[in-house]
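User: Please take me through this model by question and answer. Keep it brisk.

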Amino acid sequence: MKHFWREPLFHFLLLGAALFLWYGVRGGGSAADSRIVITPGQIDQMIEIFAKTWQRPPTPQELQGLIEDSVREEVLFREAMAMGLDQGDTIIRRRLRQKIEFLAEDVAPPADPTDEELQAFLVDHPERFRVEPRISFQQVYFSRDRRGEAVAEDAAKALDRLRAGGDPDELGDPIPLPGDFESVTGRDVAGLFGQDFAQAVVHAKVGEWTGPLESGYGVHLVLVQEIVEGRLPELDEAREEVEREWSSARRREANESFYQSLREKYTVNVEWPDWAQASPAETEPAP
């Protein structure tokens, strides 16, 4: 008997019986509810999607299968909605929210921005577009595995030799990284050697060997050869990115404006639990 309750066929029959009873309670629905129309536009779209996926048009049999699948989807969708299966479903609620937000964006797409608008947006949001500082430096590496406790002392002695004009190629240990880095960002340096190392390099004196600097690899001596300061780019340099960010900001503003116009229609009652801090029973529409 326990095995019978676990049978998928039993669950299928049980669901079918529930659907049958529900349909009976509804009285079979109206003629409008029972009519499904597959339009020429829908068929053209099916063919287009199939062709993009398979690089060929569907055969008559495949097209008929696509149509039958669309009918199946519509039938099951209508029955699910009639049974209220969409109620309380977080995924469905989020999807519907997304669709109405997309609709709001499509109804009022932002007009093409002027150069003046783009320039003002660039100046008002420098953190989004600022060109990072770039650093060129040379490094000499000392391995902890090879030198053990003597690594710091060896690096200090090598630093004295380098400052006295010694050849960096004659010092240090092999490392699977370049000895010279040209025009890299602080972010690049941090990704390779760690944030503390990158900060030390960025603030090092140009043209002078410095160290020892610690990284996950070991100990390094560094000669910073050039630092190109960060800056706000000219509009023509970053036009594409600025236009993209400007359009995105305008869409968010339109979406928020659309939501607020809808929000004004509602009065929200927030019924706080006993353990929560006392709050107003009623929230007025947002301004």
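User: What should I know about the model and its numbering?
Analyst: This is a predicted model: local features need pLDDT of at least 70, side-chain atom pairs count only at pLDDT 80 or more, and totals for chains, interfaces and linings use all residues. Residues are numbered from 1 along each chain as its sequence is written, and side-chain values use heavy atoms, with hydrogens and water left out.

User: How many bridges pair strand β1 with strand β4, and in which sense?
Analyst: Strands are DSSP runs of E with at least two residues, helices are runs of H or I with at least four, and both are numbered from the N terminus. Two strands pair if DSSP finds at least two bridges between them. β1 covers residues 134-143 and β4 covers residues 218-228. Their pairing is antiparallel, over ten bridges.

User: Which residue of β4 is the bridge partner of Thr-210?
Analyst: Strand β3 (residues 209-214) runs antiparallel to β4, with four bridges joining them. The two strands form a hairpin with three residues between them. Gln-139 stands opposite Val-222 in β4. The bridge partner of Thr-210 in β4 is likewise Val-222.

User: Is Gln-139 buried or exposed?
Analyst: Gln-139 lies in strand β1. Buried means under 20% relative accessible area, exposed over 50%, and partly exposed in between (1.4 Å probe, protein chains only). Gln-139 has 7% relative accessibility, so it counts as buried.

User: Which side chain does the side chain of Gln-139 join in a polar contact?
Analyst: A polar contact is a pair of N or O atoms within 3.5 Å; within protein, one must be able to donate a hydrogen and the other to accept it, and residues adjacent in sequence count only if both atoms are side-chain atoms. The Gln-139 side chain reaches the backbone oxygen of Pro-178 at 3.0 Å. A side-chain to side-chain contact, also of 3.0 Å, joins Gln-139 to His-220.

User: How many aromatic pairs does the structure hold?
Analyst: Rings of Phe, Tyr and Trp (its six-membered ring) pair if their centres lie within 6.5 Å; planes under 30 degrees apart count as stacked, over 60 as edge-to-face and the rest as tilted. Ring pairs link Phe-137, Phe-181, Phe-193, Phe-197 and Tyr-217 into a cluster. The structure's aromatic pairs number six.

User: Why is the pair of Phe-50 and Trp-54 tilted?
Analyst: Both residues lie in helix α3 (residues 40-54), four residues apart, about one turn of the helix. Phe-50 is buried at 11% relative accessibility, whereas Trp-54 is exposed at 56%. Their ring centres are 6.3 Å apart; the pair is tilted because the planes meet at 40°.

User: What is the relative accessible area of Leu-103?
Analyst: Leu-103 sits in helix α5 (residues 90-107). Ile-100, Leu-103 and Phe-258 make a nonpolar surface patch of about 250 Å². Leu-103 itself is partly exposed, with a relative accessible area of 48%.

User: Which peptide bond is cis?
Analyst: Most residues other than glycine have a negative phi, and most peptide bonds are trans. Pro-212 is found in strand β3. With omega near -5°, the cis bond runs from Gly-211 to Pro-212.

User: What is phi of Ser-183?
Analyst: Ser-183 is found in strand β2 (residues 180-185). This serine is partly exposed, at 35% relative accessible area. Its phi is positive in a residue other than glycine, near 50°.

Technical notes
Patch = residues over 30% accessible without salt bridge, like charges linked within 9 Å, V, L, I, M, F, W, Y side chains within 5 Å. Areas by Shrake-Rupley, 256 points an atom, 1.4 Å probe, with all protein chains shown as cover. Salt bridge = Lys/Arg side-chain N within 4 Å of Asp/Glu carboxyl O.
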